[in-house]
Amino acid sequence: GAVESDLLNSVKRNPEKAKAMCRSFRGMSQDGKSPFSKETTRMVAKNQNLSFQDAEILVTYVVGMHCSDVR
C-alpha cells in the first residue's frame with residue numbers, strides 16, 4: 001500500500017536511519033534479543049511514531065536489506 005512504500009522510501013532516502021537501526025538490532029542480538037520480537041517492534045513503533053504493523057514492516061525490511069546478519 002501507499003503507507004508501506006512511504007515507510008520504506010523514508011529508509012531508502014535515509015540509509016543512515018537503516019544503519020542506526022541495524023546497530024541497535026545487532027546490540028540486541030548480542031543480548032539474546034530478537035529484532036523481530038514484539039518488544040522490539042513496539043520500541044521501533046514508539047521511536048519512529050509508527051503503528052505496530054508499520055514498525056513490523058520496517059524492521060523486516062531494514063534487517064532484510066541492511067543487516068541480514070542479524071537474527
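Let's start with a word we'll need: a residue is buried when its relative accessible area is under 20%, exposed when that area is over 50%, and partly exposed in between, using a 1.4 Å probe and protein chains only. By that definition Cys22 is buried, with a relative accessible area of 3%.

Now, some ground rules for what you see above. This is a predicted model, where local features need pLDDT of at least 70 and side-chain atom pairs count only at pLDDT 80 or more, while totals for chains, interfaces and linings use all residues. Residues are numbered from 1 along each chain as its sequence is written, and side-chain values use heavy atoms, leaving out hydrogens and water.

Let's look at helix H2. Helices here are DSSP runs of H or I with at least four residues, strands are runs of E with at least two, and both are numbered from the N terminus. H2 takes in residues 15-30, so 16 residues. Which of its residues are buried? They are Ala18, Met21, Cys22, Phe25 and Met28. These five sit on the same side of H2, because they cover an arc of only 120° around the axis, judged by the directions from the helix axis to the C-beta atoms. On the face turned away from the buried side, we find the exposed residues Arg23 and Gln30.

What do the buried residues of H2 pack against? Their partners are helices H1 (2-12), H3 (38-48) and H4 (52-66), with contact meaning heavy atoms within 4.5 Å.

Back to Cys22. A disulfide, counted as a pair of cysteine sulfur atoms within 2.5 Å, joins Cys22 to Cys67, with S to S at 2.2 Å. Cys22 lies in H2 and Cys67 in the segment after H4, 45 residues apart, so the pair links distant parts of the chain. The link is left-handed, with -85° about the S-S bond. Cys67 counts as buried too, at 0% relative accessibility. Leaving aside neighbours within four places in sequence, Cys67 touches Cys22, Phe25, Arg26 and Val62.

Finally, the nonpolar core: a set of buried Ala, Val, Leu, Ile, Met, Phe, Trp, Tyr and Cys residues joined through side-chain atoms within 4.5 Å. The largest one has 18 residues, and Phe25, Val44, Leu58, Val62 and Cys67 touch the most other members. H1, H2, H3 and H4 each give two or more residues to this core, with the largest share, 6 residues, coming from H4.

Key: The expected span of a helix is 1.5 Å times one less than its number of residues.
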